[in-house]
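I opened my notebook to keep track of what I looked up in this model. The entries follow the order in which I looked.

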Amino acid sequence: MSPTGLVFLRLIASARIEVSRMERKSMKETNGNIVCDALNGASMSELSNAVQKVQSKSSWWEMYGVDWCIIASGFALVPPGLLLIGYPTWPAFIAGILLLGLFYGMLKTKMSHLAVHSALCHSKIASRFWEVFFVEFLGSFSVEFAKTSHIKVHHPHTNIIGLGDSSTWRAPFLPCLIYMFVAPLLLPAFIPFLAVGFLVRDNKLNRALQCAVVVTLGLIANISLLVYVSGLSLKSAVLSLLSYRAVMELPYIHINIFQHIGLPMYLPENRPPRLYMMSSGVLNLSHNPLLSWNFGHSLIGCHVEHHLFPKLSDNMCLKIQPIVKKYLQDHKLPYHERGYFNRLQHFVKEYQALMVNLPPITEFIGIQ
């Protein structure tokens, strides 16, 4: 899209936002009744009490142990992956790339995601270590930026226009097939630079320097394993690293846009109560053995539960899912569920409306 076109869309958006503000002002006196009607008597505190009862009866194994075993299964892929990638035959090399790709996919999503939410252990000191280890040292990204954008913006302001509206995932200048199936494969080459660049842009120079040091050390460690364990040349090691890091990038991008884009979006001054905001603005994908194992339940089949209770581990999100789902459905609140390929087909078909055009604004009256 041309710069002129983008300016035109921004002007339209500003006009729509102003009209919505005027309409909301006229609704001010009756908005309290609208809130009550839309929630149908449900409350976040009541649901939280039900979930806390389950938490209080859960063991360490349920809260953390199950997820650590899954993480261990991801690390178990590394030794055979390193050995296979060094074999002089293409089938072995491809198998090694796939194994290391699955490991990196889990590292970038499940491990890093749980780490920034402090959902891997009780200890704050240990949580900080896992953040840096998973996100920066192994994942080549910035903990500071991840926590700012994800914990401080995306979660408290889910689907709020100008805040947590998932606009960072949009690239309207890219055609549908390029965005959906080609561009994500190039991300691994840019992620280390983006990690530092975001911090420099925000004038966090000390954190940018710290991040650059940790990311560089992590890259040296990763490449050294490919050189000294797999026996690759330095050039082959770098290319292999970029290749295996691209293995799970397509579902990574897809899942991040499937979960929120296309669902109701709200103005900051007209945001609904948190319970309704999360139930209407978040979508669960159908449980999938590979994706649920690699990405984690909180990013796949229990994303609604994760947004309502973000400090719970993947296994605990799965455990409370029946309670949350029943509570929302009993109170006739939205509970979105779709299959991965259903959403993929929908986004390819409606790419212009979903990923290029500005999102429609929803007034909080329970309907769009």
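**Entry 1: C121.** I began with C121, which is buried because its relative accessible area is 16%; buried means under 20% relative accessible area, exposed over 50%, and partly exposed in between (1.4 Å probe, protein chains only). I found C121 in the loop between α6 and α7 (124-138). Helices (H or I, at least four residues) and strands (E, at least two) are DSSP runs, numbered from the N terminus. Leaving out residues up to four places away in sequence, I listed Y64, A126, S127 and W130 as the residues that C121 touches; contact means heavy atoms within 4.5 Å. I also checked C121 against W68: they are 53 residues apart along the chain, and their C-alpha atoms are separated by 9.8 Å.

**Entry 2: what kind of model this is.** I noted that this is a predicted model, in which local features need pLDDT of at least 70, side-chain atom pairs count only at pLDDT 80 or more, and totals for chains, interfaces and linings use all residues. Residues are numbered from 1 along each chain as its sequence is written, and side-chain values use heavy atoms, with hydrogens and water left out.

**Entry 3: confidence.** I looked up pLDDT, the predictor's confidence in each residue, from 0 to 100. The chain has a mean pLDDT of 87, and 87% of its residues reach 70 or more. Over residues 1-36 the pLDDT is below 50, and this stretch has 35 contacts in the model beyond near neighbours in sequence. Residues 364-368 also stay under 50, with 18 contacts beyond four places in sequence. Where pLDDT is low, the predicted coordinates should not be read in detail.

**Entry 4: the whole chain.** I counted 19 helices and 2 strands in the chain. Of its 368 residues, 48% count as buried. Among contacts with a separation of 6 or more, 72% are between residues 24 or more positions apart. The chain exposes about 17600 Å², and carbon and sulfur atoms supply 68% of that area; accessible areas come from the Shrake-Rupley method with a 1.4 Å probe, and for residues only the protein chains shown count as cover.

**Entry 5: H260.** Is H260 buried or exposed? H260 is buried, as its relative accessible area is 1%. Its place is in the loop between α13 and α14 (274-281). Not counting residues up to four places away in sequence, H260 touches H154, T158, N159, S166, M265, G281, V282, H303 and H307.

**Entry 6: salt bridges.** A salt bridge is a side-chain nitrogen of Lys or Arg within 4 Å of a carboxyl oxygen of Asp or Glu. By this rule I have 12 salt bridges. One of them joins K108 and E249, with the closest N and O atoms 2.7 Å apart. This pair links distant parts of the chain, since K108 is in helix α6 (residues 90-116) and E249 in helix α13 (residues 249-258), 141 residues apart. Both K108 and E249 are buried.

I then looked up K110 and D314, whose side chains meet in a salt bridge (2.7 Å, N to O). K110 lies in helix α6 and D314 in helix α17 (residues 314-330), so the pair ties together parts that are 204 residues apart in sequence. K110 and D314 are both buried.

For E337 and K325 the closest N and O atoms of the salt bridge are 3.3 Å apart. E337 is in strand β2 (residues 336-338) and K325 in helix α17, 12 residues apart. E337 counts as partly exposed because its relative accessibility is 35%, and K325 is partly exposed at 27%. Salt bridges that share partners also join E136, E144, K204 and R207 into one network.

**Entry 7: K235.** I placed K235 in helix α12 (residues 234-245). K235 counts as exposed because its relative accessibility is 66%. K235 and I223 are 12 residues apart in sequence and 9.7 Å apart in space, C-alpha to C-alpha.

**Entry 8: regions from the record.** The unreviewed UniProt entry places "transmembrane region" at residues 63-84, 90-107, 177-200 and 212-230. In the model, residues 177-200 are 79% helix and 0% strand, with end C-alpha atoms 32 Å apart. Residues 212-230 are 89% helix and 0% strand, with end C-alpha atoms 26 Å apart. UniProt positions are given in the numbering used here, feature names are shortened, and annotations may be inferred rather than shown by experiment.
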